[in-house]
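This report describes how parts of one protein model pack together. Look at the sequence and the structure first, then read on.

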Amino acid sequence: MFGYVSASLKELSPENKQRYSAIYCGICRCIRSQASQTARLSLSYDMTFLALLLMSLYEPEEQIQPNACLLHPIKKRPWVDSPYIRYAADMNIALAYHNCMDDWNDDRNLPAKLMANMLQSHYPAIADRYRRQCDAMERCIAELSRLEKENCANPDEAAGCFGQLMGELLVYEEDFWAPTLRELGMALGRFIYLADAAIDYRKDARKKKYNPYLAMGTGLDWPRWEEYLVLAMGRCTDQYERLPLVQDKAILDNILYSGVWTNFGKLRKKAGEQT
């Protein structure tokens, strides 16, 4: 259900591409140090947005180092470390674990089960550090499972449930900015869920799996679905613009105003839908 919240690289300046890559590499290294080498396979660019957003808002001290790694053994690549990089790494592992378990429970997907087994040993420590966020993941995923079993025909209900999960994820701590971050995350989560439902419509129909648009019984309706997405992203960017962001704002702007739509278009084309 992820892969939408990343930058449109061709529109980034060389400096911002390097910065974006350094944040991504920092999260990757933290996953290795906080979990394991193989846990890095779960890394998603969506968590780069999370780290960039929190770092831009709170402006922590950063450690920047150039190092080679297993994936890039010859040329050294800069990477960044900060408390929010480490937080994004933990959230990546927790979300990947739940996502893999969901794939296993829904489809008996063996690779997903193997990945879940590998991540499972790291999850309790993350849940201890971030009880509110992990409680939200567990609660919302259980609620989504219930809605799927009931074949819920209201896309808003299921999307709102995933929005609650993302809302808690974006709130690092309960402070002055928490309400805005929570609303931003809720709208972003709604966008991700509804975009995913649109992309998976034909596949879910073939496999007779739950999809809110299938449950509605209205058939293919891309204009209507795109209206839902525009509304969700409009709410997201409205909250985003309330935050006093300076550092890395050009990258964040790229992600929310261009990247999400570019990625949606690519995934729609890959699914065989006309753009």
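A residue is called buried when its relative accessible area is under 20%, exposed when it is over 50%, and partly exposed in between, using a 1.4 Å probe and protein chains only. The model is predicted: local features need pLDDT of at least 70, side-chain atom pairs count only at pLDDT 80 or more, and totals for chains, interfaces and linings use all residues. Residues are numbered from 1 along each chain as its sequence is written, and side-chain values use heavy atoms, with hydrogens and water left out.

K76 has a relative accessible area of 56%, so K76 is exposed. K76 sits in the loop between β1 (63-67) and β2 (77-81); helices (H or I, at least four residues) and strands (E, at least two) are DSSP runs, numbered from the N terminus. Although K76 and P66 are 10 residues apart along the chain, their C-alpha atoms are separated by 5.5 Å.

R182, in helix α8, counts as buried because its relative accessibility is 18%. Contact means heavy atoms within 4.5 Å. Leaving aside neighbours within four places in sequence, R182 is in contact with R132, G167, E168, V171 and E174.

Two helix pairs are listed below. Axes are lines fitted to C-alpha atoms, for helices over the stretch in contact, and angles run from 0 to 180 degrees between N-to-C directions.

| Helix pair | Angle | Axis distance |
|---|---|---|
| α8 (residues 178-199) and α11 (residues 222-240) | about 160 degrees | 8 Å |
| α1 (residues 14-34) and α2 (residues 46-58) | about 105 degrees | 9 Å |

Angles under 35 degrees count as roughly parallel, over 145 as roughly antiparallel, 65 to 115 as roughly perpendicular and the rest as oblique. Helices α1 and α2 are therefore roughly perpendicular. In this pair, R19, Y20, I23, Y24 and I27 of α1 meet M47, T48, A51, L52 and M55 of α2. The contact of α1 with α2 has eight nonpolar, one polar and one charged residues. Here Ala, Val, Leu, Ile, Met, Phe, Trp, Tyr, Cys and Pro count as nonpolar, Asp, Glu, Lys and Arg as charged, and the others, Gly among them, as polar.

Helices α8 and α11 are therefore roughly antiparallel. Their contact has 16 nonpolar, two polar and three charged residues.

What is a nonpolar core? It is a set of buried Ala, Val, Leu, Ile, Met, Phe, Trp, Tyr and Cys residues joined through side-chain atoms within 4.5 Å. The largest one has 94 residues, and I27, L53 and M91 have the most contacts inside it. Helix α3 (residues 83-107) gives the largest share of this core, 14 residues. Not counting residues up to four places away in sequence, I27 touches L43, M47, T48, A51, I85, A88 and A89.
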